[in-house]
Amino acid sequence: MSDAAAEFVWKLARRHSWGSPIPAAQLVRLVAGTEDHDELREVLENEVIELPFVAQSPDGLYIPNGQDAHIAAADWLREQTAVSDLTIKATLSRLPDDWPEDV
């Protein structure tokens, strides 16, 4: 996975509000900074939407507000980013108390 995909997933995790969708164009703007919007849109469409814990509705993309989705997203973030376990756990509200289990 690309660094941009990790940025998208982190933004979805940080900006979620009880599983509320974020429109794709808004998500691209949140991640873009000085990056090319077209390239980021391709990453979103080809990498991020395919992740099993990312859902899509007519209103946008989101990480569902269930424990299974939050565990999958947290595990993915743990493997793909340098975000600390403590920060991930504080961000994804549905994680079990014993997450991550291998610590």
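Helix packing and the core

Biologist: What is the angle between α1 and α2, and how far apart are their axes?
Modeller: α1 and α2 pack at about 110 degrees, and their axes are 10 Å apart; axes here are lines fitted to C-alpha atoms, for helices over the stretch in contact, with angles running from 0 to 180 degrees between N-to-C directions. The element names refer to DSSP runs, numbered from the N terminus, with helices being H or I of at least four residues and strands E of at least two. This is a predicted model, in which local features need pLDDT of at least 70 and side-chain atom pairs count only at pLDDT 80 or more, while totals for chains, interfaces and linings use all residues. Residues are numbered from 1 along each chain as its sequence is written, and side-chain values use heavy atoms, leaving out hydrogens and water.

Biologist: How would you class α1 against α2, and which hand is the crossing?
Modeller: α1 and α2 are roughly perpendicular to each other, given that 65 to 115 degrees counts as roughly perpendicular, under 35 as roughly parallel, over 145 as roughly antiparallel and the rest as oblique.

Biologist: Where does Val28 sit, and is it buried or exposed?
Modeller: Val28 is in helix α2, and it counts as buried because its relative accessibility is 2%; buried means under 20% relative accessible area, exposed over 50% and partly exposed in between, with a 1.4 Å probe and protein chains only. Leaving aside neighbours within four places in sequence, Val28 is in contact with Phe8, His37, Leu40, Arg41 and Leu44. Val28 and Leu40 are twelve residues apart in sequence, with their C-alpha atoms 6.4 Å apart.

Biologist: OK, and how do α2 and α3 pack?
Modeller: The angle is about 120 degrees and the axes are 10 Å apart, which makes α2 oblique to α3. α2 passes α3 in a right-handed crossing.

Biologist: Changing topic, which residues touch the most other members of the largest nonpolar core?
Modeller: That core has 31 residues, of which Phe8, Leu12, Val48, Phe53, Leu77, Ile88 and Leu92 touch the most other members; a nonpolar core is a set of buried Ala, Val, Leu, Ile, Met, Phe, Trp, Tyr and Cys residues joined through side-chain atoms within 4.5 Å. Two or more residues of this core come from each of α1 (3-15), α2 (24-32), α3 (37-48) and α4 (67-80), and α1 gives the most, with eight.

Biologist: What about the peptide bond from Trp99 to Pro100, cis or trans?
Modeller: The bond from Trp99 to Pro100 is cis, with omega near -10 degrees, and Pro100 is found in the segment after α5 (85-91).

Biologist: Is Asp97 buried or exposed?
Modeller: Asp97 is exposed, with a relative accessible area of 76%, and it is also placed in the segment after α5.

Technical notes: Contact means heavy atoms within 4.5 Å. A crossing is left-handed if the near helix is turned anticlockwise from the far one by less than a right angle, and right-handed if clockwise.
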